[in-house]
Amino acid sequence: MDQEALYELKVVAGKDKGKVIPLEGSSITLGRSSGSFNASAGAIQFEEPSVARVHAILQWDDEERVYSFSNRSPISPLMANGTPAASGRLVPGLSLQMGQLVVKVVGREGSAPADSDPRLVSVVPLESGFLGEKPVEEKVRRPAWLLPQTPVAGAAVSSPQAAPQPPETGKKARKKKDAEETASPSEPAPKPKPEPKPEPKPKPEPEPVKAAVPPAFEAPMETKRMTGFIEVLKGMSKGRKFQVLGDTSIGRSPECGVSLPDSQVSRKHCSLVVEGDRFILVHESKTSTTKVGRNVVRSRHPLQDEEEITLADRVVLRWKKN
């Protein structure tokens with residue numbers, strides 16, 4: 001069965017409520033129409049004014065026999081089952097919201113796969129922005145007063161004070177007093193022997209001053225983060241700009257950092273790799289070509305500022321280094 005007969009979108013809320021649109025084509029753009037409602041093999045344009053010009057893109061996967069969706073609106077993110085989502089799988093029962101427009105995925109009779117339960121849909125949450133930058137994960141430090149107090153090794157442990165002894169009374173006290181009174185007062189107390197004077201210690205000789213030894217090496221300075229931009233000059237995403245923060249993949253897959261919906265582009269067509277203070281373009285497609293200017297890239301190519309990259313002779317990109 002072709003993908004054209006598997007799914008339909010039913011509008012359940014918004015200005016286009018009640019419309020049922022069959023999904024046809026390997027790549028479908030969902031967005032807002034400049035006039036009336038329009039649906040074709042490559043684009044579905046709604047009248048709802050809260051929908052962005054290009055709000056989402058549906059991409060057919062021949063291996064898994066299912067559509068995948070990806071968010072394309074930086075202002076009004078796509079909602080999947082009420083949750084902001086960057087991408088995921090399109091299965092019957094799933095609700096997608098674009099602005100005030102809500103559509104429900106409907107599978108035609110006998111076409112829904114075994115795992116079409118919308119609760120099992122694989123959704124990538126929308127994190128730090130439209131360009132897919134992931135935030136830096138921070139460690140939470142516990143305050144000192146929450147940490148368990150443990151005794152320090154070698155510290156003195158105070159012992160309980162001894163209870164005071166009661167005063168002596170009765171016969172025992174009288175005997176002690178009589179013994180003190182009868183003691184001979186003529187016996188002088190022995191004089192203490194004078195302590196010998198300590199001999200003066202010789203003064204230690206001053207140690208020679210050691211010359212300062214230079215360090216074996218200097219710690220390298222923190223590497224500056226390499227960034228840049230990819231601008232689409234030709235193709236279905238013409239005019240869009242993607243921010244590049246480090247190593248980035250380019251291709252048709254929604255999981256790529258630079259995701260292009262053009263069907264001629266491979267799922268992972270090429271990659272940008274940081275080496276030192278420059279970006280290297282690495283060709284990865286087995287079926288389509290990658291060019292820089294008029295030169296075909298068969299393996300690797302160091303990118304220069306303002307160079308143009310052509311994918312499958314259809315999509316043209318411009319590289320701009322920050």
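Trainee: Is E7 mostly covered or exposed, and how many of its residues are buried?
Mentor: This is a predicted model, in which local features need a pLDDT of at least 70 and side-chain atom pairs count only at pLDDT 80 or more, whereas totals for chains, interfaces and linings use all residues. Residues are numbered from 1 along each chain as its sequence is written, and side-chain values use heavy atoms, with hydrogens and water left out. With buried meaning under 20% relative accessible area, exposed over 50% and partly exposed in between (1.4 Å probe, protein chains only), E7 is mostly covered, and the number of buried residues is 6 of its 6.

Trainee: In E9, which residue is the bridge partner of Ser68?
Mentor: Two strands count as paired if DSSP finds at least two bridges between them. E7 is joined to E6 by 6 bridges, in an antiparallel run, with Leu58 standing opposite Phe69. E7 is also joined to strand E9 (residues 83-90) by 4 bridges, again antiparallel. In E9, the bridge partner of Ser68 is Arg89.

Trainee: Which residue takes a positive phi in the hairpin of E6 and E7?
Mentor: Most residues other than glycine have a negative phi. The hairpin has 4 residues between its strands, and the residue in question lies in the loop between strand E6 (56-61) and strand E7 (66-71).

Trainee: Is Ala312 buried or exposed?
Mentor: Ala312, found in the loop between strand E22 (308-311) and strand E23 (315-321), also has a positive phi, near 55 degrees, although it is a residue other than glycine. Its relative accessible area is 16%, so Ala312 is buried.

Trainee: About how much space lies in the largest cavity?
Mentor: On a 1 Å grid over the protein atoms alone, a cavity is a set of points where a 1.4 Å probe fits but cannot get out. Grid points are joined across faces, edges and corners, and a volume is the space filled by probe spheres set on the points. The count comes to 1 cavity of 30 Å³ or more, and the space in the largest cavity is about 40 Å³.

Trainee: Which elements give two or more residues to the lining of the largest cavity?
Mentor: Lining residues have an atom within 4 Å of a point, and among them here are Ile57, Gln59, Ser68, Ser70 and Arg252. At least three residues come from each of domain 1 (7-123) and domain 2 (227-321), with bounds from an automatic or database domain assignment. The elements that give two or more residues are E6 and E7.

Trainee: How many disulfides does a search of the whole structure find?
Mentor: A disulfide is a pair of cysteine sulfur atoms within 2.5 Å. The sulfur of Cys256 is 8.9 Å from the closest cysteine sulfur, in Cys270, so the two are too far apart for a bond. Cys256 is buried, with a relative accessible area of 9%, and Cys270 is buried at 0%. The number of disulfides found is 0.

Trainee: Which residue stands opposite Leu281 in E21?
Mentor: Strand E21 (300-302) is an edge strand of an open sheet of 5 strands, with mixed pairing and the order E16-E15-E17-E18-E21. Strand E18 (residues 278-283) is joined to E21 by 3 bridges, and the two run antiparallel. Opposite Leu281 stands His301.

Notes: 1 Å grid on protein atoms, 1.4 Å probe; cavity = no way out; pocket = protein on both sides within 12 Å on 5 of 7 lines; lining within 4 Å.
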